[in-house]
Amino acid sequence: MHIQFRSPAVYWVEALPVGNGRLGAMVFGGIGKERIALNEDTLWSGCPRDWNNPGAKEVLPRIRELIAQEKYGEADRLCKEMMGPYTQSYLPFGDLHIVMDHGQLSRRGYSRKLDLSTGIATVDYNVGGVPYTREIFASHPDQAIVVRLTAGKEGFLSFRAKLDSPLRYASKPDGGHFTISGHAPEHVEPSYRDAENPVRYGDPHTSKGLKFHGRLAVTHEGGTARADADGLHVKGATVATLYFSAATSFDPGIGASSPERDPEQWTAEAIQSICGKEYTEVLHRHLDDHLQLFGRVALHLGESKAPAEMPTDQRIAQYGSSDPGLVELLFQYGRYLLIASSRPGTTPANLQGIWNEETRAPWSSNYTLNINAEMNYWPAETCNMAELHEPLIDFIGRLAVHGKKTAETNYGARGWVAHHNSDLWGQTAPVGDYGDGDPVWAFWPMGGVWLTQHLWEHYAFSGNEAYLRHTAYPIMKEASLFCLDWLIENQDGYFITSPATSPEHKFLAADHRHAVSEATTMDLSLIAELFDNCILSAQQLKIDEDFVRTLQETKQRLLPLQIGKQGQLQEWSQDFEGEDVHHRHVSHLVGIYPGRLITEQSSPALFHAAKTSLEIRGDGGTGWSLGWKIGLWARFKDGNRAERLISNLLTLVKSDGPINYERGGVYPNLFDAHPPFQIDGNFAATAGIAEMLLQSHQGWLELLPALPDSWKNGYVKGLRARGGYEVDLEWNNGSLSKAEIEVSITQICRVLVKQKVRITQEGEEVTYSIMENGCIGFHVISGHRYVVFS
């Protein structure tokens, strides 16, 4: 399973990504001059600071009065006084340059490919009859980027390797190694802001910016190697292996730079350790680690249409989703990217995962909490990578600490709050530079509420009660306390939110566009589902009976969601017209997917109204928006419509083409094109495809709920379902033929069936009972595997 090309990358979105959760690299594959762009997950601008705004609490009552009086323009203007600073930016580390002595010659026999199953990028070419090969991977066990160079003829490998950076840095040889070090900027303005001095550095001796350090070493077979101020020089070798490691002074334990965390010492220890191993050991350790994660899930949708060696960009352009193998590649690529950008102990995958070449990256490559950060982790549980969820869960814990002060300072509320954006430092206040931003995106105090879904889902898939008791529930409870204080009673006795926005989408009133109103559908949906999750958690843990009653009573009095004049689920509490009928955000449908608040069983009228809303929104949008719609159509059980969205996503966006912020697709290397690049669409596509094949959000397993007509025969192995299940499925002629269900919790297993089935366990027949909603139920035992035949 490869992403492959017949020429080197010219643009960054043509390069091949490798990563180990902490270190990332983009392989360009140049013949005479190789560029490998490097990243380290904690290299951000800035430092901890006070981002809270005591003035917000003072203007909040007046804003609520203005909204109640439907003076939305005045409320928008006053809402600017509730903002805090912009977040800081994720930064590039630099580049590894390898200059080959043989120069830039013909591309005869050239191949550049990434094998998703091994996590190894390879570059092959031929110069004068001598074959050359490079293998590049990011080792998680050994915490290094590894570049293996081989000449097919003894003594013909000669090159120079050097590090540089777009940040301020110094480089030098160090005991046979080549090193680079510097300080990150103390502040970087968002890329969309035209500032006079957008990148600001401190004095190197007193800077509050993070220190960073990178180290490059080489081992070789034959020939010589030396280090000087120009880099590492290898002459007359046959094989050479470059090892790169990097670190910053960021200490995740305190969430700040620490003088006790010396990045130079860290890289020295990492390089010393890996250089003490044989390459075969380093390779096998990497393969074992990668395959243990990647190999858990297999998907086959039919025979590939594209020739085996066709370059990926040509394959996208010529076949798109009509090639089942390309859809499989897209699905597994999302899994690969999460493995490469999120590991236990690292920071969460950001807006670009772990890969970024810009000092002022699009949208600061930060954590955008009104959809994108959550979307990054939609495939973590369903696609059998639960441990990769941990960085986000840990980050939510940090936000809960910081957000408690924000809730108190900005709103006089209990609990904790987070807003639209965050960063390495865990900012929880609204962004917007104290009035520069637009409230339609800058003001949205539901970021923490949405994030708590991930806490619940991690429990729902595993059933780990200790995790629920000690990690998830306390944070969810505190988020609920904020909601209880944030909600206000309207004139009809319902609880509403005010001010409220539907993220990034304005409504029309009195011929003007406005941002803030009251009781948006997204706000109410997220709060209702948080209350449900807290109630279920407390009941499971047998604690907090009074608190449960409070949540139940409050939820009953939330303003009911509304159906509008077009039969659609309203986005706002009033039937406003949106500024863009095809807007990329479908925030009001969060209760359909990824949530479970609105289902055909529990709320049929709202369910069908939500479907009408999605019809009205259309099948266009940015790359990540298309990805979200795949999951939504899967929940609506329309596999053909979901497949149409996959087709739209598999639209080739040219690397050097004009940026269209409203029409996305994928770049040549299959990176999601917002455009520009945002990784969330890759993860949403993977999660959406899984949702088409297996659903479990209603308390039962639904097998092949949204199978499109074009996927007539196939199988999937290793998907996970809520309740501690792992599921394999096979189908023929569009119908289920066999399902295998592996169980980790002894319980009654409920499966929605469309025809008569037979169930066995180790060849013995298993009896089942007919239950409500077309389900069957049968007793299952932890550690056993059950086979359902249709």
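Axes here are lines fitted to C-alpha atoms, for helices over the stretch in contact, and the angles between N-to-C directions run from 0 to 180 degrees. Helices (H or I, at least four residues) and strands (E, at least two) are DSSP runs, numbered from the N terminus. The structure is a predicted model, in which local features need pLDDT of at least 70 and side-chain atom pairs count only at pLDDT 80 or more, while totals for chains, interfaces and linings use all residues. Residues are numbered from 1 along each chain as its sequence is written, and side-chain values use heavy atoms, with hydrogens and water left out.

We can start with the helix packing. Helix H13 (residues 521-541) packs against helix H14 (residues 545-556) at an angle of about 150°, their axes lying 10 Å apart. H13 is therefore roughly antiparallel to H14; angles over 145 degrees count as roughly antiparallel, under 35 as roughly parallel, 65 to 115 as roughly perpendicular and the rest as oblique. The crossing of H13 past H14 is left-handed, a term used if the near helix is turned anticlockwise from the far one by less than a right angle, with right-handed used if clockwise. On the H13 side, Ala-528, Phe-531, Asp-532, Cys-534, Ile-535, Ala-538 and Gln-539 take part, and they meet Val-548, Leu-551, Gln-552, Thr-554 and Lys-555 of H14. Contact means heavy atoms within 4.5 Å. Seven nonpolar, three polar and two charged residues make up the contact of H13 with H14. In this scheme Ala, Val, Leu, Ile, Met, Phe, Trp, Tyr, Cys and Pro count as nonpolar, Asp, Glu, Lys and Arg as charged, and the others, Gly among them, as polar.

H14 also packs against helix H12 (residues 465-486), with the axes coming within 12 Å and crossing at roughly 45°. H12 and H14 are therefore oblique to each other, and their crossing is left-handed. H12 contributes Tyr-473, Lys-477, Ser-480, Leu-481 and Leu-484 to this contact, and H14 contributes Phe-547, Thr-550, Leu-551 and Thr-554. The residues in the contact of H12 with H14 comprise five nonpolar, three polar and one charged.

Aromatic rings come next. Rings of Phe, Tyr and Trp (its six-membered ring) pair if their centres lie within 6.5 Å; planes under 30 degrees apart count as stacked, over 60 as edge-to-face and the rest as tilted. The count by this rule is 34 aromatic pairs. One of them, Trp-12 with Phe-671, is tilted, at 5.8 Å centre to centre and with 45° between the planes. This pair links distant parts of the chain, 659 residues apart: Trp-12 sits in the loop between strand S1 (2-5) and strand S2 (16-19), and Phe-671 in the loop between strand S29 (665-666) and strand S30 (672-673). Trp-12 and Phe-671 are buried, where buried means under 20% relative accessible area, exposed over 50% and partly exposed in between (1.4 Å probe, protein chains only). An edge-to-face pair is formed by Phe-93 and Phe-212, with 5.4 Å centre to centre and 75° between the planes. Phe-93, in the loop between helix H2 (72-79) and strand S5 (94-100), and Phe-212, in strand S15 (residues 211-221), are 119 residues apart. Phe-93 and Phe-212 are both buried. Trp-12 and Phe-671 also belong to one aromatic cluster with Tyr-333, Tyr-336, Trp-355 and Phe-677.

The backbone has some points to look at too. Most residues other than glycine have a negative phi, and most peptide bonds are trans. The bond from Tyr-593 to Pro-594 is cis, with omega near 10°, and Pro-594 lies in the loop between strand S28 (577-578) and helix H15 (604-617). The bond from Pro-675 to Pro-676 is also cis, with omega near 0°; Pro-676 is in the loop between S30 and helix H18 (680-693). Trp-363 has a positive phi near 50° and is partly exposed, at 26% relative accessibility. Ala-519 has a positive phi of about 55° and is buried, with a relative accessible area of 1%.
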